[in-house]
Amino acid sequence: MMRALTLCLLCGWLAGCAVNPATGRNDFVMMSERQELDLGARYNQEILKQYPRYEDAKLQAYIQRVGERVARSSHRSQLKYVFTLVDSPDVNAFALPGGYIYIHRGLLAYLNSEAELAAVLGHEVGHVTARHSVRQQSQSTAWGLLGQAAAIGTGVGALGDLTSVMGSAFVRGYGRDMELEADGLGAQYLARSGYDPQAMIEVVKVLKSQEDFAREQAARRGEAPAAGGYHGLFDTHPDNDRRLQEVIGPARALAGGNQEVGRERFLQMLDGLVFGDSAASGIRRGRHFYHGELDFALSYPQGWQLVNRPDVLIGHSPDEQAFIAMTLEAADKRLSPAEYLRQRVGNQRLVAGEELRLGALQGYTAVLQGPSARRVAVIYRGDNAYLFVAAVKGRASLETEDQRFLEVIRSYRPLKAAERKLAEPLRLHLVRVKAGQGMTGLASGAPLAADGEAQLRLLNGLYPRGEPRPGQWLKTLR
């Protein structure tokens, strides 16, 4: 209550209240539409550096067409919307202010109709039309102003980093109320553009199945379930979620008699889509990592997990108390590997240094002293320098894991001929189900881990125990 009252007072002080174009409510905002468009354009340049586009012009154009069709029926149809397929295995989608909308191929792979794709894009359009990022930024700014006022009166600063607050909101979501509002708006845009608004519920079912599967996998490994991902956590099944059903309800009244689903058309567009890691980022296979374009392989201790990002590869122990990160930098041929490493750590002290001889490759490794000692290393190869940093968390000392760190570093090697196939990504391929075929048989021929059948069910909207119909198109992996 106090927070709402304070914001209302600020609203008068800063003239920051405006009518929301999608809801008709007075919202607290401190940004004009021109400023919103400029902010989106700036952030778009940064996003494209972190999340490269998926290299498939035909698929990119298809996603743009579906997105524009939905956006034309939105409350802010005058904006120029740009829809981008991101080359990332993450199950995610997000929107920037002003109409820049992204869907990761990791989420696209789990959808099963054009209407579901339109639902994801419509949900993100809903965030734009309701100006969710602007509203969140305005409240963050307001609290920053309050913090500055407190600093003037008390000498204690309280202003946070607005950029990190906004970046987190864009990519990770906006909280339950705003996500539901975007669901309701997106469903309306679906119905008005000729798609079945029930697709919004189907997408939430896809996300709920992902959450259930992740929870089961974590329990099997004896780990705590991960925090909610795209769209947040779901307490109940979507069919039983009263608030979700309420926000979708008005859209059903807008639907005519022939709302499109477009299952087969959509699936044909996905044939050949990369699934999981891409060749450009390298391929994780169990405890091994293979990179075809850079021609190298690495191996990690049994049970360790790998996190593969465009700018860093991280391996960590099952309890997440030990980790080793590898990044790629330009080698300075004027410096030996030892000199390069000393230059990189600056004034910090290196001890226990030793040269690395990995076949014809040269490198150097040492321990970086300090309260939290770290194992560091560099390997030269051509014009590249592969830089490793390893550490332990908590009270453990570096010595408890250092031998494993050294084994990872020394496992660096050029790909063997037999490993080149392992550096190629998995791709989606369509099959038409024959009479008598079930998910168990289809999964047995797919190059998947022990949970392969569950993965195929997730891909095809059949999780946890659904079976396909004869004649139905299904996504498989090879």
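**Close-up views of a predicted model**

**View 1. Arg243 and the residues around it.** Leaving aside residues up to four places away in sequence, Arg243 touches Arg176, Asp177 and Leu180. Keep in mind that this is a predicted model. Arg243 itself sits in helix 10, which covers residues 242-254. Take Leu180: it lies 63 residues from Arg243 along the chain, yet the C-alpha atoms of the two are separated by 7.8 Å. As for the surface, Arg243 has a relative accessible area of 35%, so it counts as partly exposed, the class between under 20% and over 50%.

**View 2. Helix 5 meets helix 9.** Here helix 5 (residues 114-129) packs on helix 9 (residues 198-221), with the axes 8 Å apart and an angle of about 90 degrees between them. That angle falls in the range of 65 to 115 degrees, so helix 5 and helix 9 are roughly perpendicular to each other. On the helix 5 side, the contact is made by Ala115, Glu116, Ala119, Val120 and His123. Helix 9 brings Ala199, Met200, Glu202, Val203 and Val206 to the contact. Sort these contact residues by type and you get 7 nonpolar, 1 polar and 2 charged.

**View 3. Helix 2 from end to end.** Helix 2 runs through residues 33-50, which makes 18 residues. Which residues of helix 2 are buried? They are Glu36, Leu39, Gly40, Tyr43, Asn44 and Ile47. As a general point, an α-helix has 3.6 residues a turn, so residues three or four places apart point the same way.

Notes
Residues are numbered from 1 along each chain as its sequence is written. This is a predicted model: local features need pLDDT of at least 70, side-chain atom pairs count only at pLDDT 80 or more; totals for chains, interfaces and linings use all residues. Side-chain values use heavy atoms; hydrogens and water are left out. Helices (H or I, at least four residues) and strands (E, at least two) are DSSP runs, numbered from the N terminus. The expected span of a helix is 1.5 Å times one less than its number of residues. Buried means under 20% relative accessible area, exposed over 50%, partly exposed in between (1.4 Å probe, protein chains only). Axes are lines fitted to C-alpha atoms, for helices over the stretch in contact, and angles run from 0 to 180 degrees between N-to-C directions. Angles under 35 degrees count as roughly parallel, over 145 as roughly antiparallel, 65 to 115 as roughly perpendicular and the rest as oblique. Contact means heavy atoms within 4.5 Å. Ala, Val, Leu, Ile, Met, Phe, Trp, Tyr, Cys and Pro count as nonpolar, Asp, Glu, Lys and Arg as charged, and the others, Gly among them, as polar.
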